[in-house]
Every structure is written in C-alpha cells, then in structure tokens.
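I opened this structure for a first look. These are my notebook entries, in the order I made them.

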Amino acid sequence: MRKQISLLLRALVFAAALFTAFILLLLVGYILVKGIPHLTPALFAWTYDSKNVSLTPALFNTAFLIALALLLAAPAGIFAAVYMTEYARRGSRLLYPVRLAAETLAGLPSIVYGLFGALFFVGSLKWGYSLLAGACTLALMVLPLIMRTSEEALLSVPGIWREGSFGLGAGRLRTVFSVVLPAAAPGISAGVILGAGRIAGETAALIFTAGTAAKIPESVFSSTRTLSVHMYTLASEGLYLDQAYATAVVLLLLVLAINICAALLAKKMTEERNG
Amino acid sequence: MNQAKESIAAALFLLAAFLSVFSVLLICLFLFVNGIPAIAEIGPLAFLSGVNWQPGNGLYGIAPMMLGSLYITAGAILAGVPAGVLTAVFMAEFCPERLLRVLRPAVSLLAGIPSVVYGFFGLMLMVPLSRFFFGGSGKSILTASLLLGVMILPTVVTVSEAALRAVPRSYYEGALALGATHETAVFFVLLPGAKSGIMAGVILGTGRAVGETMAVIMVAGNQAVLPDSLFHGVRTLTANIVLEMGYAADLHREALIATAAILFVFLLLVNVSFSIVKERRQT
C-alpha cells in the first residue's frame, strides 16, 4: 500500500514535469517549424507596404523604443536603488511608501499603463501617438523591475568595501560612484537588460501610446510600431499568416537573445562574489 | 563645494526614489478623475452589475466582463497551478543536477516569451483543436483558460521551487526517520511546509492572469455577453479596454477608463493579499 502511494506520487510529479517540458517544446517548436521557411529576404526589405509586410522598420522601432525607454528608466531606477541601499537609514520611514509604490507598479497590468500613457502623454501633454509617449509609458513599466534588480545587486556588495572607501577619505558620493556601483554593475546591467526584454515583448501598453505606423520614425514625435505590435497586427488581420509565423520567430529569437545576455551577466555577478 | 555636491546628489537620489510614488499617484489620479464621474453618471449599480454592454444604446454594464475575467482567471489557476506546483516539486526534489541545468533556463524562457507569441500560438493551434473537439468557433473560456494556465506556469514553478527549497532540511530528515518514503516525505511534510510560499506564487500568477491582455484577446472570442458555457466566447476587462479604446468618445471613453479603474482596484487587492502572505511567511 505504502509503496503504491509512493509510486503514484512519483508518477504524478514526473508527469507534470514532462507536461511542462512538452508545452515548451511544442510552443517553440511549432513557431520555429512554421516560421523558419517563411524567413524570406522580402520580409527584411527596407520599407513596409501592404503588399510586402516587411518587419525591418518594426525591428528598428523596437531598438529605438528600447533605447529611449531605458535611457529614461535606467538612471531613475538605479538612482532610486542607490537611495534605498546607500542613503536611507535602515528601517527609514521614507522607504515604506517607495517600496509600496514600486510593488504596486510591478503588479499593474500593461493595459493600465497603456491607458494611462494614452491619457497623460498622448492626451494631456499633446504628444500624440509617438515614440516618446510609448517610451515614457514603458519606462514607467520597467522602472520597478530595474529598481528591484539594482537594489539586490547593490545589497550584494560587501559592506566592508564601503568602509574601506570611507577609510581612505572618500565621501559618500565618491564611494557610490567609484566603489559600489562598479562592483554592482553586472547585476544592474542584468536588470536593465531584462527590462529591454520586457519592452521588446510588450504590446498592450504601446498600441494607444506609440501607435502602429510601420515606418522608421522621423523624430521622437512620430508614431511607431514595434515588432510585437507588428506581430499582433499581422495575426489579427489574418492576411499574412505565413509572415506572422516568421515574425514570431524573429521576435522569439530577439527576446531569447536578450534574456540570455541578462542571465550571463547575472551569473558573472554571482561568480565574482563567490569566487 | 564638496559639501554642496554631496547634498545635491543626495537630493537627486531621493527624488529618483520618489519617482515611483509620484507615478502611482499620477496613474491613480488619471484613472479615478476620469473614471469616477463616469461611474456616477452611469450609476454604480448599473455599471457594476449591469449585464448589457451596448455603448451605442447608452448601456454600460461591465458584469459580463468582470465574470469573464473571473472565469478565465479561475480556469487558468485550475489548469496552471497543479502542473506548476508538481513541476516545482520535481525540480526541487526529484531532478538530477544535470537536468536541472537545462530545465531552469527552459522555465525562464517560457516566462520571457512575449504574450503576443503565446496568443498567436493559441490562435493557430489551440483554437482549431478546440473547434475540432468541441465545435463552435473554438475561441472560448476553455481555450483562453488553458493558454493562460500555460502562461502562469513559469511564475508558479519558479516561486514554488524557491519555497520548497527554503523548507528546513531537518523536516524532511525527520519524516524519513519516522519511516516515510522520499515521496511521502516530500508531499506530506515539505509541501505543507512550503504552503505560504506556494500561495504567494499562486497569487502572483493570478495577478498575471487577470492583467493579461493580448493573448486573451486572440483566443477568448471577446463577446460582451454573459458567458453561459465553457465553450462559448467571453470578453475580459482588459480586452474591453483594448478593443474599444481606439474609437470610443465621451461617456463611452470614460466608461472604459472606469473599467481600468476597476481593474486597478482588483489588482491592488491581489497585491495586498500577496504582501499579507509574504509577511506571514517572515514572522
């Protein structure tokens, strides 16, 4: 009897693990098998038109949007983490609202960000559907992620390094920029790159902020369509499904490459600490 | 000079830290200032419990969408949590080290796949399958629940695995000493010990399922009517916003913002329960 129960439990666990592995293989395999044959040169043509749904403009737009959003979010998130770990006193009452706000932001669904961006950046600030409005919206969205990962990276820098720096006569600011931040750099960059991955995969927050124009923007006030939004448009129009599969392959590879970079940096960080 | 530089930097860092607080306040302000008057104009009862969403006829009842979000989220939890927790058990207690080195990145890959890709996969593979087996259009509560179940899987697996590993080893050893097998010790001692951590993972997954938008739009059918069967289409709160925001005006637009405000409150509740579970774990 006891043996049967153990066997049954073991079977359950193995079945679940197989199921998870199967789902992953099915998902990635299906997209790759259906998509790779349609990765034609025409798909990478310089311009998009309704006859040839090229993804090149969308790819450039994704890069621009990631760069701009991170330019806004990374300094803010890293500085916030510096405040929380290096400046605020332990158990400071000021930290409570900051943490609460960061947790709330992290839990908000992307469509709420999208709606807010549409009301504030697109509407109230009159930027219209633009690269800038999309970037600001997504900067808010990845801010809590960058704050949290930077905070963890800064906390993992040994306190003795700071004391050494103070002992050599460095001020607080110099300690932060010359000792603590360089030591935490791999962990912080891992967080920032994870943020890039989330931006690359985002759709709902962009449709009503950055818009859907499929061309390379002339300025930060031009409407742009990122790769994810492009993918959604192709899939929901249903006219170019083969190209949609191929676009999904490119999107998948892009996000995969970004996540691998982040994982490698995070690994480097832990290895340096332990080694 | 140096003193001034130090104080400017300190002020700058403080400002950056409070940026998140300002953002939350600003988001609240915009959602509620635009949403609450609309709710007042429609009537709170008519808005929350009205079963008809026909903006053309001035009917703004979001009950179908609230039920839609509820059903799909519940379905996702039913589908995703057992599989996720058992996979976590496998990774924490049954998995050889070498396999773990493949499985961990695989799970984080699953977490990193964009929701449009999930949605597209659901649309091209799961919807036709569901149409074949259950008839109808194939876009249904069931399809959306299964897809969301897969989407919350990595969250549940990662958090549950960490929770299982955090249970003191002596519990497990004690159970073995009392005559339990490896399996019974894991299921009847370790799993209950990791309960609150696993709960935290489930709540995080719930938040993700409630807030998911693009994948749901592609497979749920989006009919704004009260769902009457597992195999019929349904519209969620999130989908409602994306589908109609593009052309809505006046009260219709404000009603959509009010929908987002309701969603915001919904997720705030999820977050609060998450922090309660987390705090209880620490004490």
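I started with burial: I call a residue buried under 20% relative accessible area, exposed over 50%, and partly exposed in between (1.4 Å probe, protein chains only). This is a predicted model, so local features need pLDDT of at least 70 and side-chain atom pairs count only at pLDDT 80 or more, while totals for chains, interfaces and linings use all residues. Residues are numbered from 1 along each chain as its sequence is written, chains are lettered from A and ligands numbered from 1 in the order in which they are written, and side-chain values use heavy atoms, with hydrogens and water left out.

**Entry: salt bridges**

I counted a salt bridge where a side-chain nitrogen of Lys or Arg is within 4 Å of a carboxyl oxygen of Asp or Glu. I looked up several of them.

I began with B:Glu183 and A:Arg10, whose closest N and O atoms are 2.5 Å apart. This pair crosses between chains, from helix α8 (residues 182-193) of chain B to helix α1 of chain A. Helices (H or I, at least four residues) and strands (E, at least two) are DSSP runs, numbered from the N terminus. How accessible is each partner? B:Glu183 is buried at 7% relative accessibility. A:Arg10 is partly exposed at 32%.

Next came A:Glu152 and A:Arg148, a salt bridge with its closest N and O atoms 4.0 Å apart. Both sit in helix α5 (residues 131-155) of chain A. They are 4 residues apart there, so about one helical turn separates them. A:Arg148 is partly exposed, at 45% relative accessibility.

Then I turned to chain B again. B:Glu244 and B:Arg235 meet through their side chains at 2.8 Å, N to O. B:Glu244 is buried at 6% relative accessibility. B:Arg235 is buried too, with a relative accessible area of 11%. I also noted a network: B:Arg104, B:Glu161 and B:Arg165 are joined by salt bridges that share partners.

**Entry: the cavity**

I searched on a 1 Å grid over the protein atoms alone. A cavity is a set of points where a 1.4 Å probe fits but cannot get out. A pocket is an open set with protein on both sides within 12 Å along at least five of seven lines. Lining residues have an atom within 4 Å of a point. Grid points are joined across faces, edges and corners, and a volume is the space filled by probe spheres set on the points.

How many cavities of 30 Å³ or more are there? I found 1. The largest cavity holds about 40 Å³ of space. Its lining includes B:Ser69, B:Ile72, B:Leu148, B:Glu212 and B:Thr238. Helices α3 (63-94) and α9 (195-211) of chain B each supply at least two lining residues. The largest share, 3 residues, comes from α3(B).

I sorted residues by class: Ala, Val, Leu, Ile, Met, Phe, Trp, Tyr, Cys and Pro are nonpolar, Asp, Glu, Lys and Arg are charged, and the others, Gly among them, are polar. The lining of the largest cavity has 5 nonpolar, 4 polar and 1 charged residues.

**Entry: the second largest pocket**

This pocket holds about 400 Å³ of space. I listed 19 lining residues, and A:Phe19, A:Ile23, B:Met126, B:Leu146 and B:Val150 lie nearest its centre. Which helices supply at least two lining residues each? They are α1 (2-35) of chain A and α3, α5 and α6 (141-166) of chain B. The largest share, 7 residues, comes from α5(B). By class the lining has 15 nonpolar, 4 polar and no charged residues.

**Entry: backbone angles**

B:Asn222 has phi near 65 degrees. It lies in the loop between α10 (214-219) and α11 (237-245) of chain B. B:Asn222 is buried, at 13% relative accessibility.

B:Asp250 also has a positive phi, of about 50 degrees. B:Asp250 is found in helix α12 (residues 250-282) of chain B. Is B:Asp250 buried or exposed? It is exposed, with a relative accessible area of 63%.
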